[in-house]
Amino acid sequence: MSDPFKFKQFTVHQDKCAMKVGTDGVLLGAWTSLERHPNSILDIGAGTGVIALQMAQRSTAELVDAIELDDNAYEQCVENFERSPWADRLFCYHSGLDEFVDEMDEKYDLIISNPPFYEEQVSSGDAPRDAARQNQSLPFNELLKGVSKLLDNEGLFSVIIPFKSEESFNKIAKDKGLYANRITRVRGNASTEIKRSMMQFGFAKVTPKETELVIEKSRHQYTRDYVELTKDFYLKM
């Protein structure tokens, strides 16, 4: 049984979810820009719902929607939304992206996703966890195709992926008319390789603003940048 994850303003129950609360999701939820004051936000592949909850905490958006295909994760996401201070603004659809795109007429000001990204077939012996981690269930091409249809003309799309997938993801995005305008590459500490890329896209062609984020100075000693980014969420910050 997995213990609930307590944040400063909400708690995430995760005992039914294959993918637990992790650094990637929380980082993305904290990093994503709200400078355009989005009124409608969509979290694709919500899992526990942690990113959507962060968006509800950080923004004044009237509508924070999420979609989740897995039965157990969907149930858990709904419970986490209902227990939060923003239950009136949060809604989770039990749906895959393709059917959601077909049924949804409205467009979103901000779309955010921490997609499954182990491209190679890796079996841990836990089928739901494998499905949550491997992008067969939501290939990048399908994700970006869906985003290009659901995103408002002035909207932003924010995602976290492995650094090694950055180039191919960028190429697929361009094919769908989406261009990176902000990229932050993440290292565990100053001496380790870049592990993740957080990327923000829009329909306008611009030169992306590129930065780097280092998480730790030493074991459990966090950098000022990382603390600054996540301090509104983590109890220990």
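Which residues form a negative surface patch? In this predicted model, the patch is made up of D98, E99, D102 and E103. One of these residues, D98, belongs to helix α4, which covers residues 97–103. The relative accessible area of D98 is 48%, so this residue is partly exposed; the term exposed is kept for values over 50%. An α-helix has 3.6 residues a turn, so residues three or four places apart point the same way.

In soluble globular proteins, nonpolar side chains tend to be buried together.

Helix α2 is itself mostly covered, as eight of its nine residues are buried. The buried residues are V50, I51, A52, L53, Q54, M55, A56 and Q57.

Eight salt bridges are found in a search of the whole structure. In one of them, E79 pairs with K16, and the closest N and O atoms are 2.7 Å apart. Because E79 lies in helix α3 and K16 in the loop between β2 (11–12) and α1, this pair ties together parts that are 63 residues apart in sequence. Both partners fall in the partly exposed class: E79 has a relative accessible area of 24%, and K16 has one of 30%. The two residues also belong to a network of salt bridges that links K16, E75 and E79.

R185 takes part in two of the pairs described here. With E166, the side chain of R185 meets in a salt bridge of 2.9 Å, N to O. E166 is in helix α7 and R185 is in strand β8, so the contact ties together parts that are 19 residues apart in sequence. Both E166 and R185 are buried. For R185 the relative accessibility is 15%, and this residue therefore counts as buried, the limit being under 20%.

The other partner of R185 is E210, with the closest N and O atoms 2.8 Å apart. This pair links distant parts of the chain, since R185 is in strand β8 and E210 is in strand β10, 25 residues apart.

Y93 and I44 are 49 residues apart in sequence, while their C-alpha atoms are 9.9 Å apart. Y93 is part of strand β5 and counts as partly exposed, with 28% relative accessibility. In the other pair, K176 and F203 are 27 residues apart in sequence, with a C-alpha to C-alpha distance of 9.1 Å. K176 is found in the loop between α7 (166–175) and β8 (179–189). At 25% relative accessible area, K176 is partly exposed.

Backbone angles were also considered. Most residues other than glycine have a negative phi. At H37, however, phi is positive, near 45°, and the residue is not a glycine. H37 is located in the loop between α1 and β3 (40–44). Its relative accessible area is 66%, so H37 is exposed. A positive phi also occurs at H220, where the value is about 65° although the residue is not a glycine. H220 lies in the loop between β10 and β11 (221–222).

Notes. Residues are numbered from 1 along each chain as its sequence is written. This is a predicted model: local features need pLDDT of at least 70, side-chain atom pairs count only at pLDDT 80 or more; totals for chains, interfaces and linings use all residues. Side-chain values use heavy atoms; hydrogens and water are left out. Patches are made of residues with over 30% relative accessible area and no salt bridge: like charges are joined within 9 Å, nonpolar side chains (Val, Leu, Ile, Met, Phe, Trp, Tyr) within 5 Å. Accessible areas come from the Shrake-Rupley method with a 1.4 Å probe; for residues, only the protein chains shown count as cover. A salt bridge is a side-chain nitrogen of Lys or Arg within 4 Å of a carboxyl oxygen of Asp or Glu. Lys and Arg count as positive and Asp and Glu as negative; His and the chain ends are not counted. The place of a charge is taken as NZ of Lys, CZ of Arg, CG of Asp or CD of Glu. Helices (H or I, at least four residues) and strands (E, at least two) are DSSP runs, numbered from the N terminus. Buried means under 20% relative accessible area, exposed over 50%, partly exposed in between (1.4 Å probe, protein chains only).
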